Amino acid sequence: MKLINDVSQAGTTINASNITVNKNGTLIFEPAVSNICSFITNKGGNIALKNGKFYLKNEGSDGVASFLAKGYAYKKKNGEWLTYDEAKSISKYTSDELYVVKCDHHEIDTDTKVCKYCNETLDVSVEWKSIDGTTKYFKDLKTALTDSAVTSGTSGTLKLLEDDNGNSLTINSGNFDLDLNGKKISSVGIIGGTVNIKNTAETTGEVLNLTIFSVQAKVTLGIGTKYSNIDATQPIGSMLVSGAVMKVDGTYATEAQLNSSVIGSAVEIVEIPLYITSEPTQNDLDSIVYGTAESGLLTFAFSKSGVTLKYKIDNYDEVTEEVTSNGIDLSTETALWNLPAGEHTLTVSATYPGYTINRTYPFTVSQSESNISID
Ligand SMILES: [Zn+2]
């Protein structure tokens, strides 16, 4: 037997209170109104529910999940969505009725693209999560970038689930993080809005061609992103997020490259590889007394060991030290204690590995009362 009820019979209500679908039986149930509460038991038949309010049971291995028509999902009485996995585990009548509703696919497994609520595999490649908790999926970036949820300015994250090869992608407005998620965008132009390009995947995310058409567009380039070509209206170095540094063709960028707004070479944004974690204070430097070798006044410490430290005082010869631990005390360098009283400059460069931090420290050497030198 096959029982079909559909909404084409508008106004029709079926108040069957107990339906049992036996082996070879088929029930396609789409009540026009959802205030019907039916007890449905499946004993080996086929059921496809659309809309309606039910008490359900299925003693089969897939529970009441198999009762859902394609694209439909369950909601609980309290309004919460019931996951497909939960529905699979329901074999007995639940204490509250279940509502069958059209699924809005608001949560999918981003690897398999399978909806958590209706179990449908979706043709999507972009995820949108707004700060207010709304999640939406889009076929491609172009569709996402024209959707009001994304363009309205509500902050959120637009995350790529697949590479996007779309042409003429344009961002006009919005306020979001563009998470490359280890994927690749072939070309995007940014005219307005606030866009933070970032990457949350282990593998680097890539934008082949990034064009920023206006200084009105506020764009940041995050760690773990790379570009083949950047054409901007502002210095590229000014767009780096804090803690980031830029490489061009595999080498740390020069000042000129950081100040440039157009780079047609491979640009990669990476984490700053080295920090000076401790350096002499002005007070330390000005405590240097001619002829008195006091240790601890010129101590440097670094975030990494293996730093090549070069230092130079005034125009004396540059000295190179390999810092095998995380720190070094230059106070032990006897040359320092023979500096004549007066103004001096210590220049320091710390390199690791290929990344250099330069510092300049002006200081004044005084003479101790017991050790006066008169030239
Ligand atoms: Zn769904």
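Two strands pair if DSSP finds at least two bridges between them. Helices (H or I, at least four residues) and strands (E, at least two) are DSSP runs, numbered from the N terminus. This is a predicted model: local features need pLDDT of at least 70, side-chain atom pairs count only at pLDDT 80 or more, and totals for chains, interfaces and linings use all residues. Residue numbers start from 1 along each chain, as its sequence is written.

View 1. The C-alpha trace spans about 115 × 45 × 30 Å along its principal axes. Of the 375 residues, 26% count as buried. Buried means that 20 or more other C-beta atoms lie within 10 Å of the residue's own; exposed means 12 or fewer, partly exposed in between, with C-beta atoms placed from the backbone. Among contacts with a separation of 6 or more, 43% join residues 24 or more positions apart. A contact here has the two C-beta atoms, placed from the backbone, within 7 Å.

**View 2. Six strands form an open sheet in the order S2-S4-S6-S9-S7-S8.** Its pairing is mixed. Strand S2 (18-22) and strand S8 (81-82) stand at the edges; each has a single partner strand, so one side of each is left without a neighbour in the sheet. Inside the sheet, S7 (residues 72-75) pairs with S9 (residues 98-102) in the antiparallel sense, over four bridges. Tyr-74 has Val-100 of S9 as its bridge partner.

View 3. Strand S10 (residues 126-130) and S11 run antiparallel, joined by four bridges. Glu-127 finds its bridge partner in Tyr-137 of S11.

**View 4. His-105 lies in the loop between S9 and S10.** Its phi is positive, about 50°, although His-105 is not a glycine. His-105 counts as buried because it has 20 C-beta neighbours inside 10 Å.

**View 5. Strand S20 pairs with both S23 and S21.** S20 (residues 244-248) and S23 (residues 267-271) are antiparallel, over five bridges. Val-270 in S23 is the bridge partner of Val-245. S20 also pairs with S21 (residues 251-252) in the antiparallel sense, over two bridges. There, Val-248 has Thr-251 of S21 as its bridge partner.

**View 6. Asp-249 is found in the loop between S20 and S21.** The hairpin of S20 and S21 has two residues between the strands. Phi of Asp-249 is near 50°, a positive value in a residue other than glycine. Asp-249 counts as exposed because it has 11 C-beta neighbours inside 10 Å.
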